[in-house]
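Keep the sequence and the 3D view side by side as you read. We will go through the fold piece by piece, helix by helix.

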Amino acid sequence: MANVGVLLGKSSRVSLMDCVKERSPLTQAVVEATPELHFIHGGSGFTELMDLTDHDVEFMMSEFRFFYEYDFVLLDLGAGATHQTFDFISSADEAWLVVTPEPTSIMDGYAFVKLAHHHAHELPVAVIVNRATNGQEALETFDRLQQVSQNFWKNRCASSVFCRMIRLS
């Protein structure tokens with residue numbers, strides 16, 4: 001859900017979804033949280049993202065060209081996998097997957113990376129372990145995800161994103 005503004009104490013009168021529905025430039029929705037950090041509020045809810053048409057996604061992708069003004073652009077796509085999610089991922093230089101130590105999160109992370117590999121097989125995936133009680137638990141979680149991935153892809157590691165998962169320290 002679009003809550004970055006709440007977390008940063010900044011609000012926006014124009015959201016990403018407003019720009020998409022009105023076909024107005026995404027630059028209108030950019031909010032400066034600090035001189036070094038800008039963001040675009042996504043919209044009011046998940047249902048808006050589920051209602052995107054192919055034309056909406058095409059519009060957003062064409063509007064993303066202004067992102068070249070920035071050193072880094074992070075798109076928080078939230079949990080789950082939709083057709084639109086993989087359109088965005090396919091256009092990225094790198095994906096960051098956030099998992100937690102729970103077994104269900106590890107399996108969901110594995111399923112997501114598997115789908116991402118299907119759509120963009122050369123895309124590097126960095127893994128961020130959230131809600132770990134300590135560094136050891138974070139490393140163990142990463143190792144479990146990597147092990148499950150490598151067991152599945154046994155002989156395909158030469159081109160598999162699983163063999164290139166990045167451990168962020």
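Start with helix 4, which spans residues 54-63. Helices here are DSSP runs of H or I with at least four residues, strands are E runs of at least two, and both are numbered from the N terminus. D56, V57, F59, M60 and E63 of helix 4 are buried. Buried means under 20% relative accessible area, exposed means over 50%, and partly exposed lies in between, with a 1.4 Å probe and protein chains only. The arc is taken from the directions that run from the helix axis to the C-beta atoms. The face turned away from the buried side carries the exposed residues H55 and E58.

This is a predicted model, in which local features need pLDDT of at least 70 and side-chain atom pairs count only at pLDDT 80 or more, while totals for chains, interfaces and linings use all residues. Residues are numbered from 1 along each chain as its sequence is written, and side-chain values use heavy atoms, with hydrogens and water left out.

What do the buried residues of helix 4 pack against? They pack against helix 2 and helix 5. Look at E63 in helix 4. E63 counts as buried because its relative accessibility is 13%. Leaving aside neighbours within four places in sequence, E63 is in contact with S24, P25 and L26. Contact means heavy atoms within 4.5 Å.

Now step back to the chain. It holds seven helices and five strands. From the N terminus on, the order is α-α-β-β-α-α-α-β-α-β-α-β. The chain has 169 residues, and 34% of them count as buried. Take the contacts with a separation of 6 or more: residues 24 or more positions apart account for 70% of them.

Next, find helix 6. It has 17 residues and reaches 25 Å from its first C-alpha to its last. That is close to the 24 Å expected at 1.5 Å a residue. The expected span is 1.5 Å times one less than the number of residues. The buried residues of helix 6 are S105, I106, G109, Y110, F112, V113, A116 and H117. They lie on the same side of helix 6, because they cover an arc of only 165° around the axis. On the other side, P103, T104, D108 and H118 are exposed.

How do two helices pack? The angle between their axes and the distance between the axes describe it. Helix 5 (residues 83-90) and helix 6 (residues 103-119) pack at about 60°, with their axes 10 Å apart. T85, F86, I89 and S90 of helix 5 meet F112, L115, A116 and H119 of helix 6. Five of the contact residues are nonpolar, three are polar and none is charged. Here Ala, Val, Leu, Ile, Met, Phe, Trp, Tyr, Cys and Pro count as nonpolar, Asp, Glu, Lys and Arg as charged, and the others, Gly among them, as polar. Axes are lines fitted to C-alpha atoms, for helices over the stretch in contact, and angles run from 0 to 180 degrees between N-to-C directions.

Pick out I89 in helix 5. Is I89 buried or exposed? I89 counts as buried, because its relative accessibility is 6%. I89 and H119 are 30 residues apart along the chain, yet 8.2 Å separates their C-alpha atoms.
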